[in-house]
Amino acid sequence: MANGSTDKRTMNIQCEDLHAQAIAAREAGDSAKEEALYRQIIIINPQYKLAHNDLGIILEDMGQIDKAEEAYKKEIEYNPEDHNAYSNLIKLLRAQDRDSDALKIAEE
């Protein structure tokens, strides 16, 4: 029977492999595959660093602005030290002329 440490390590290896595949899908221009891989990572480990942020990026690129905003906020919730998620969220809000919302996030 595997212990919790082994399970977590296996989970992280799976997520790292899927993340590498997602980056390769992005480089190949396969947005649908990239999105599916990020969603798979989130199912395995919702707190996996960068998963929500990178999902937000692809969703934003696909024009799914509300879903991208949710993804950035989820990344911030799980990984509050991820400055990229804050930056991406602020840029997204400013692009929608939501400067007061962006300012609130920047002040956090």
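**Figure 1. Asp 97 sits in the loop between α5 (83-95) and α6 (99-107).** The model shown is predicted. Asp 97 is not a glycine, yet its phi is positive, at about 60°. Is Asp 97 buried or exposed? With a relative accessible area of 67%, Asp 97 is exposed, because the cut-off for exposed is over 50%.

**Figure 2. Leu 50 is found in the loop between α2 (31-44) and α3 (51-61).** Its phi is near 85°, a positive value in a residue other than glycine. The relative accessible area of Leu 50 is 27%, so this residue counts as partly exposed.

Figure 3. Along the sequence the pattern reads α-α-α-α-α-α. The two loops of the other views are part of this chain: one between α2 and α3, the other between α5 and α6. Taken along the principal axes, the C-alpha atoms fill a box of roughly 55 × 30 × 15 Å. Of the contacts with a separation of 6 or more, 41% join residues 24 or more positions apart.

**Figure 4. The surface of the chain has an accessible area of about 6,600 Å².** Carbon and sulfur atoms account for 50% of that surface. The chain has 108 residues, and 34% of them are buried. How many positive and negative side chains does the chain have? There are 13 positive and 22 negative side chains. The centres of these two sets lie 2 Å apart.

Note on methods: Residues numbered from 1 in each chain as written. Predicted model: local features only at pLDDT ≥ 70, side-chain atom pairs only at ≥ 80, totals over all residues. Heavy atoms only, no water. Helix = DSSP H or I, 4+ residues; strand = E, 2+ residues; numbered from the N terminus. Buried < 20%, exposed > 50% of the residue type's maximum accessible area, 1.4 Å probe, protein only. Contact = heavy atoms within 4.5 Å. Areas by Shrake-Rupley, 256 points an atom, 1.4 Å probe, with all protein chains shown as cover. Lys, Arg positive; Asp, Glu negative; His and termini not counted. Charge placed at Lys NZ, Arg CZ, Asp CG, Glu CD.
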